[in-house]
Amino acid sequence: MSSLPKSRPMLLASLDRRSWTFLATLLAAGIIVPVANLAVEPGHAAHLPSYAVALMGKYLTYALLALSVDLIWGYCGILSLGHGAFFALGGYAMGMHLMREIGPRGVYADPVLPDFMVFLNWKELPWFWWGFDMFWFACLMVLLVPGLLAFVFGWFAFRSRVTGVYLSIITQAMTYALMLAFFRNDMGFGGNNGLTDFKDVLGFDLQSDTTRAGLFVFSALALAAGYVVCRVITTSRAGKVLIAVRDAESRTRFLGYRVEHYKLFVFVVSAMMAGLAGALYVPQVGIINPGEFSPANSIEIVIWVAVGGRGTLIGAAVGALTINGLKTVFTSVAPNEWLFALGGIFILVTLFMPRGILGEWDVLKARHAAEKRERIATGLRRMRAAAAEGAHLTSAVEAAE
Amino acid sequence: MTASGTALYLDGVSVTFDGFKAINELSLVLRPGEMRAIIGPNGAGKTTMMDIITGKTRPDRGQVIFDGEVDLTRLDETDIARLGIGRKFQKPTVFETHSVEDNILLALAGKRGVFATLGARLSGDEARRVDRILRLIRLDGRRKEIAGALSHGQKQWLEIGMLLAQNPKVLLVDEPAAGMTDAETMETADLLKEIAGEHTVVVVEHDMEFVRALGVKVTVLHEGSVLAEGSIDHVSADQRVIDVYLGR
Ligand SMILES: Nc1ncnc2c1ncn2[C@@H]1O[C@H](COP(=O)(O)OP(=O)(O)O)[C@@H](O)[C@H]1O
Ligand SMILES: [Mg+2]
């Protein structure tokens, strides 16, 4: 079977031409944006202001988040309406590290306790804050905490065969419950206000332009890495099984595949990607609070994916960037009407572009290619007819001579 | 009669849906390598019987034993499929967005775990098995097309091909000739006869010509239990069978 390459390494085999275009675009952005911000003088036409760098960095983390949702929804049919929770947990894990990094520079100047704990009259650091003074530990938690929650949640949900709308509803309930929990002061995560007033990360000042540019570059790299991971998974044979589960779950079981294991695997990978996105988001926006768990956030992610094109990966990123770009423009003009505009976009896309931006693009391209083949075929037929005619004439002339 | 030495052994199986007895004290025994045709009016419980054997439906009562010793009522669909029981659904069920060849590839007997398939490469042996099955089910020329583009009859064949790829010990085939032309129906009968011998096969079918062409022992199901059993001529001469099924 020629469609399944045998000799090339899996990583390379998983990347098609469009993948390379996407990765090259990210690479270019990762170079041009910092250069335009740091190396080009302010006032010059090509200068990129620092707020724009932070804004675009934030968008890239949203794109990674959208990618994580597309991996499970587009390829395995798991519609999570609670993925904001994994994003927020990754964000909190990073936020906790940034809080510990403040050290004695807080308002109360306590060398160990973050300000909000001093304010609550706490005497010592709760056990779940231990270790977060170490960057590597925080990074580990960024992946492990969302991954573990996804594992436990998925274990019960997939084993009891909760699917479709019911699964979507319990993912909403999960993020809602977490939001309520994180709002409480005695949870130990800063309650209502969340975690903020960060100073630096690994000794780099979070307010400085170079740090922001660095965070932008890391966000681009994380998006690229997340994309490659998704491609490797979805183009592998396991990826074919995921699509089989999406299209005919019970058929897949009757072939002897343990469907719940596949779902669990992809759900955990997706949650970790969302956690990583959250961890990169927090230092760029400077705050994480329980609002990130709000159910509306999770629904918005799904809209990004639907608009960009479910099941195309790049479409998810494109959708996140497009919608958030529009949001930024729109909210500067009419800040209160954005939700109506978002709803409108979603309805219009659902009605007129049900496959999303990238999906519709593919349909157009396929149609174009079919027309081209048709034109070539007609041309060939005409040429053959003309050649036959010519041969006929030649022989007639020869006969006459 | 005991289960030992049988391929499939059902005894006193009953299942009730909301008070309605879909299967009622059903008993059925298949020898290894045997092919059996099951006929019966709509709603007789033929599909439900397959659901019970493959773990989709739990019986309220009765024994369901595979290979003389394995109690199937304690296992789920995946376990039962891995033991070597494959089924073709009444409504052809293939992976519509996958290519025809990928449908066969996914069904091919082999490792089923997440990490095994994540790193799986197409081996030469697998490619040959896929080729052989595609030729057998005559979909060789359409291997790259998505399965959703196939006709109803071709989907039936693809699903039979997937069953073959799975290489199970027992095949349960639910109405394989539904929606086929007469010629296709006869080809399907030939295909199933080819499969028999190596495998134990249960075929549910309405088409009497088809059942006659198979030329195997027939079990007539009615209201969830066995009404008659024997050769096609024997059962079609049975007055009760004529009354409930053939005479209508
Ligand atoms: N899951 C189910 N829930 C309720 N009733 C069912 C279910 N499955 C089958 N039945 C009923 O059981 C009876 C037998 O159905 P079935 O096995 O599909 O018959 P057959 O395949 O012989 O036509 C029918 O009356 C059907 O409506
Ligand atoms: Mg039926």
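Start by selecting Thr47(B): with 26% relative accessibility, Thr47(B) counts as partly exposed. (Buried means under 20% relative accessible area, exposed over 50%, and partly exposed in between, using a 1.4 Å probe and protein chains only.) Before you go on, note that this is a predicted model, where local features need pLDDT of at least 70, side-chain atom pairs count only at pLDDT 80 or more, and totals for chains, interfaces and linings use all residues. Residues are numbered from 1 along each chain as its sequence is written, chains are lettered from A and ligands numbered from 1 in the order in which they are written, and side-chain values use heavy atoms, with hydrogens and water left out.

**The magnesium ion**

Now show ligand 2, the magnesium ion: its protein donors are Thr47(B), through OG1, and Gln90(B), through OE1, at 2.0 to 2.2 Å. These two come from distant parts of the chain, 43 residues apart: Thr47(B) sits in helix H1 (residues 46-53) of chain B, and Gln90(B) in the loop between E6 and helix H3 (100-107) of chain B. Donors here are N, O and S atoms within 2.8 Å of the metal (3.2 Å for Na, K and Ca); water is not among the atoms, so sites may look incomplete. Helices (H or I, at least four residues) and strands (E, at least two) are DSSP runs, numbered from the N terminus. Click on Gln90(B) as well: its relative accessible area is 34%, so Gln90(B) is partly exposed.

**Strands of chain B**

Next, select strand E6 (residues 85-88) of chain B. Both faces are covered: Ile85(B) and Arg87(B) on one side, Gly86(B) and Lys88(B) on the other, are all buried. E6(B) runs parallel to strand E7 (residues 170-174) of chain B, paired over four bridges; strands pair if DSSP finds at least two bridges between them. Look across from Arg87(B) and you'll find Leu172(B) in E7(B).

Then pick out the open sheet of four strands in chain B, ordered E2-E1-E4-E5 with antiparallel pairing. Its edges are strand E2 (20-30) and strand E5 (70-71) of chain B, each pairing on one side only. Strand E4 (residues 61-66) of chain B meets E5(B) over two antiparallel bridges, and Ile65(B) has Asp71(B) in E5(B) as its bridge partner.

**Salt bridges**

Stay in chain B and show Arg36(B) and Glu229(B), which form a salt bridge with the closest N and O atoms 3.2 Å apart. The pair spans 193 residues, from strand E3 (residues 35-39) to strand E10 (residues 225-230) of chain B. A salt bridge is a side-chain nitrogen of Lys or Arg within 4 Å of a carboxyl oxygen of Asp or Glu. Arg36(B) is buried at 1% relative accessibility, whereas Glu229(B), at 33%, is partly exposed.

Hop to chain A for Lys327(A) and Glu300(A), whose side chains meet in a salt bridge (3.4 Å, N to O). Lys327(A) belongs to helix H13 (residues 314-333) and Glu300(A) to helix H12 (residues 295-308) of chain A, so the pair ties together parts 27 residues apart in sequence.

To see both chains at once, select Glu249(A), Arg253(A), Arg258(A), Glu260(A), Lys263(A), Asp76(B) and Asp79(B), which are linked in a network of salt bridges.

**Last stop: Phe151(A)**

Finish on helix H6 (residues 135-159) of chain A, where you'll find Phe151(A). At 39% relative accessibility, Phe151(A) counts as partly exposed.
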